[in-house]
Amino acid sequence: MDFTTVLCDQFHLQPWQVNNVIQLLDEGNTIPFIARYRKEAHGTLDDQVIRELSERLDYLRNLQKRKEEVGEAIAAQEAMTGELQAALDAAATLAEVEDIYRPYRPKRMTRATKAKERGLEPLAQRIYAQEKDSPYPIDMAAEFVNPEKEVETPEDALSGALDIIAEEISDDAGIRRRLRVIALSQGVVVSRAAKPDEDSVYSQYYDYREPAAKIAGHRVLAIDRGEREEFLKVSLELDQDKAMNIVNSVALKGPSPCYEAVSEAAQDAYTRLIFPSVERELRSTLSENAQEAAIKVFSVNLRNLLMQPPVKGKVAMGLDPGYRTGCKVAVVDATGRVLDTGVIYPTHSQSRVQEAKALVSRMIQKYQVEVIAIGNGTASKETEMFTAEVLSNLPQQDKERCAYMVVSEAGASVYSASKLAAEEFPQFDLTLRSAVSIARRLQDPLAELVKIDPKAIGVGQYQHDMPPAQLSAALDGVVESCVNTVGVDLNTASAPLLARVAGVTAATAKNIVKYREDAGAFKTRRELLKVPKLGPKAFEQCAGFLRVPESENVLDRTAVHPESYRAAEKLLSLCGYTLADVGRLSELNQRMKEFGEQKAAEACGVGLPTLRDIAAELQKPGRDPRDELPPPLLRTDVMDMNDLKPGMQLTGTVRNVVDFGAFVDIGVHQDGLVHVSQITDRFIRHPSEVLTVGDVVEVTVLEVDVQKKRISLTMKKQKPGGAASKAG
């Protein structure tokens, strides 16, 4: 198989791009390294494209391996023909390969195999030949009566022969291929109630039907889950006449004494063997496509969550709400170091509430707290109301300085109970560790959330129904991409954060932290080579993504790779600068253009993309791409769901994006839903075309159902004085 041609067609790339990426991957280079530091080799493809290309390459290689295995298995049976080999070579999917192999695969005991053991295969072949002058099947069957082999009558012989013919028809790869296409384009997915008298969240699917070609992924996943939980019975409807036309076009050869018998076998093949198999395949295809789409949505949401702007340089307080055990409090300094902890009871007696207000006010003033992060779990609403009241009663200077934000605490309990959290905070119990994590999530979402299994972060849909390995691989790729895009401070990063850097394994990350603890802070990037088990290849992959702010060499503080230091110094020299000018190069781009960018790249010994990356880093050393995004929305007051009225215009933060819309935090504890039809006036296929997690948006309240805790919102511009339209 020509992998390059297939990949070029799929990704619309040139052969040299694909060949170079394949070579770089096969040499053991990481995807972030290839994307960032080998741009000339692939034409500045981003890491997502390279990742998808890598996944597709793995599939094609597995496909080729399977073709070879099937080819060897058929050849071993001395059944390989030129036509069969050509079909195998042309197969584009694993399903097609398995269809070709089906007639030759060792079978479990079936009605057909039993019939063959009873010596009825010659009879089946004679009947299936459908010769115009042949005897009638029942007359031929009389010759095969053999009581010793449990063939007592001609009818027994004929029945067994038809079982053999039915299986042969069922094994026809062409029939299955055509029926698969028909099922996907014309089949209808039908779900009915398995327990009609029992209400459930799946009640809308108790009598539901939708074309397979149109059914949305989130409905497929909902139906699948309802079936697993035994609330639904799901089936596929397919026009049997059309399907049988396809089967008969292959099985029947025209008028003959055997026509009726073969027609009966064809009907049996379709009803008993082919249709159930096609139904399973289609359901599986729909589920796999829905899972793939859901994983992509989860990945996009996770990326946007991890890349939310950090609240840098501010002392933060984390509040982990709770009723019975109280609300846990943690104050951390601007670097995330814990300054103080405590437990308050803002939902208990009045005296406890007053004690809580006094303690929180004292902490805010003592440590000059500037931001408060409130977890969105149990008792979050009460804690938010308590916080707003505390802020309103602060002295004016503290009131102007401090604000709060409700943050997702998804995964905080997982982290606080982990071995990592115990090692990081052995002096704290689980609940106080959660409060620290919540505070740090506001300070630097990326650095804190990498400590948690991405599946526990909760920004997807039906994530518990996804194939674990596939979901983990996709989400780990997102985390790796985000960490390497932002860069990591070598002297402050935790082991989990370091382990996400390209080329750094979990063991190497621990060795880096151990080296740092024993030898003190790293003074240069080159010092990494002294870390045990971190060799030249790992250094090449990771060095550019690690920053050393304390280094005397300013380039160690940037994303310029050590292999390009000479090129960076040469560029500065060509433009009349020195390393001392880095960060103050307002005219660098102009001087490069005057000199000639291509000429400068050649003089520096690098390609043009690398030259431009170097120039960007020299102008803004250690820049954080997250700083270019709008800051998070902080609040000082609180609203109640009962305060909401249709037509109210509010500002909110997008918390989650799913197939059917987006959930927006508007400051009332219960997120509101902006249905996909209410996001914009133009048609969009998916909310992610317009919205991302963390976006600050203007919304209008459409409808409020306090009892069901549902808030419907719209982002469409409302006419002055006009009523908001209902979500479709």
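Modeller: Keep in mind that this is a predicted model. Helix α12 (residues 173-186) packs with helix α14 (residues 240-251) at an angle of about 165°, and their axes are 10 Å apart.

Colleague: Why give an angle and a distance?

Modeller: Two packed helices are described by the angle between their axes and the distance between those axes.

Colleague: So is α12 roughly parallel or roughly antiparallel to α14?

Modeller: Angles over 145 degrees count as roughly antiparallel. At about 165°, α12 is therefore roughly antiparallel to α14.

Colleague: Is the crossing of α12 and α14 left-handed or right-handed?

Modeller: α12 passes α14 in a right-handed crossing.

Colleague: Which residues of α12 and α14 meet?

Modeller: From α12 there are I175, R178, L179, I182 and Q186. In α14 they meet K242, A243, I246, V247, S249 and V250. Sorted by kind, the residues of this contact are 7 nonpolar, 2 polar and 2 charged.

Colleague: Now strands. Is β4 buried or exposed?

Modeller: Strand β4 (residues 316-320) is mostly covered, with 5 of its 5 residues buried. A316, G318 and D320 lie on one side and M317 and L319 on the other, and both faces are covered.

Colleague: Which strands does β4 join by bridges?

Modeller: One is strand β5 (residues 327-332), which runs antiparallel to β4 and is joined to it by 5 bridges. Another is strand β7 (residues 371-375), which runs parallel to β4, with 4 bridges.

Colleague: What does G318 pair with in β5, and what stands opposite G318 in β7?

Modeller: In β5 the bridge partner of G318 is A330. In β7, A373 stands opposite G318.

Colleague: How many residues are there between β4 and β5?

Modeller: The two strands form a hairpin with 6 residues between them. G326, in the turn, has a positive phi of about 85°.

Colleague: Next topic, the barrel. In what order do the strands close?

Modeller: The barrel has 5 strands, in the order β11-β12-β13-β15-β14, and the pairing is mixed. On average, neighbouring strands of this sheet are turned by 50° against each other, direction ignored.

Colleague: In which sense do β13 and β15 pair?

Modeller: Strand β13 (residues 672-675) pairs with strand β15 (residues 710-714) in the parallel sense, over 2 bridges. L673 has S712 in β15 as its bridge partner.

Terms used:
Residues are numbered from 1 along each chain as its sequence is written. This is a predicted model: local features need pLDDT of at least 70, side-chain atom pairs count only at pLDDT 80 or more; totals for chains, interfaces and linings use all residues. Side-chain values use heavy atoms; hydrogens and water are left out. Axes are lines fitted to C-alpha atoms, for helices over the stretch in contact, and angles run from 0 to 180 degrees between N-to-C directions. Angles under 35 degrees count as roughly parallel, over 145 as roughly antiparallel, 65 to 115 as roughly perpendicular and the rest as oblique. A crossing is left-handed if the near helix is turned anticlockwise from the far one by less than a right angle, and right-handed if clockwise. Contact means heavy atoms within 4.5 Å. Ala, Val, Leu, Ile, Met, Phe, Trp, Tyr, Cys and Pro count as nonpolar, Asp, Glu, Lys and Arg as charged, and the others, Gly among them, as polar. Two strands pair if DSSP finds at least two bridges between them. Buried means under 20% relative accessible area, exposed over 50%, partly exposed in between (1.4 Å probe, protein chains only).
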